Amino acid sequence: MLNTNAHLLLHLLIFSPLITSAPATPSNQVCGTIQPPSNFYQIYEEEQFTNQTSGLGPFFPSGEFSFATQQEANNVNERDLIASFKNIACPPVGRGPYNIEFNFVPDSRYTASGNTRIDVFAINGDLPSLTFPDGEVSEYPTWGSTNRQTGSLIGTFTLPTGADARKPRVLFINSVVCRPTINLRFSVTNDSPAAGSVNYFSGPQAGLRIRFGC
């Protein structure tokens, strides 16, 4: 049985988008059930041959994660993010639609520069695992192994900068078919050579979430 508490953080996915990908649009809806991710992972392009990954845990005392992704100029030295939503209440317990959203609440700790457009990809199948010397098994995605399981682009959204970063907004990314666990990959778009980075503290009250039941 996989253990995600001690070494790293993540879970499995079989994922299908309900609709084709589209640019994120602001939304002010607050109905339904809000569920933040259970875990985040960072994966690093420069470590693709060293079989390394970084779990973003344990949580901050406030229950927050660092939602961070970046790339240098000319699309090199990328750092992507994997987010895992677990124990989602699918029908008949819950009801759709199941919307992937980013609830942007202004935060003085937020940093962003250059290209802040973020692509969101489905991840197919179970994530790779690693058996540690003590016998514990944990999911252990790396850049290379995650590339092999990264599926379709399901959406793109832009995190605000400058004066816009002082305004709260909810960015709708896409609606998805419910699965008990949904894993997503976030990457600065590489449709231009511009460098870009974002770092936002995502937690129960702000940041990445699934909203359902409206």
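## Overall architecture

The model is predicted: local features need pLDDT of at least 70, side-chain atom pairs count only at pLDDT 80 or more, and totals for chains, interfaces and linings use all residues. Residues are numbered from 1 along each chain as its sequence is written, and side-chain values rest on heavy atoms, with hydrogens and water left out.

The secondary structure consists of 1 helix and 16 strands, assigned as DSSP runs (helices: H or I, at least four residues; strands: E, at least two) and numbered from the N terminus. Among contacts with a separation of 6 or more, 87% involve residues 24 or more positions apart; a contact requires heavy atoms within 4.5 Å. The chain exposes about 9800 Å², of which carbon and sulfur atoms supply 54%, as computed by the Shrake-Rupley method with a 1.4 Å probe.

## Confidence of the model

The mean pLDDT, the predictor's confidence in each residue on a scale from 0 to 100, is 80 for the protein chain, and 78% of its residues reach 70 or more. Over residues 1–28, pLDDT stays under 50. For this segment the model has 104 contacts beyond four places in sequence.

## The disulfide

The whole structure contains 1 disulfide, defined as a pair of cysteine sulfur atoms within 2.5 Å. C90 and C178 are the partners, with their sulfur atoms 2.0 Å apart. C90 is in the loop between β6 (76–85) and β7 (98–104), and C178 is in the loop between β13 (169–176) and β14 (182–188), so the pair ties together parts that are 88 residues apart in sequence.

The torsion about the S-S bond of C90 and C178 is about -80 degrees, and the disulfide is therefore left-handed. C90 is buried at a relative accessible area of 17%, and C178 is likewise buried at 12%.

A search of the whole structure finds 1 cavity of 30 Å³ or more. A cavity is a set of points, on a 1 Å grid over the protein atoms alone, where a 1.4 Å probe fits but cannot get out; its lining residues have an atom within 4 Å of a point. The largest cavity holds about 40 Å³ of space, a volume being the space filled by probe spheres set on the points.

I34, P36, N103, G203, P204, Q205, A206, G207, L208 and R209 line the largest cavity. Strand β16 (residues 207–212) gives the most to this lining, contributing 3 residues.

Key: Buried means under 20% relative accessible area, exposed over 50%, partly exposed in between (1.4 Å probe, protein chains only). On a 1 Å grid over the protein atoms alone, a cavity is a set of points where a 1.4 Å probe fits but cannot get out, and a pocket is an open set with protein on both sides within 12 Å along at least five of seven lines; lining residues have an atom within 4 Å of a point.
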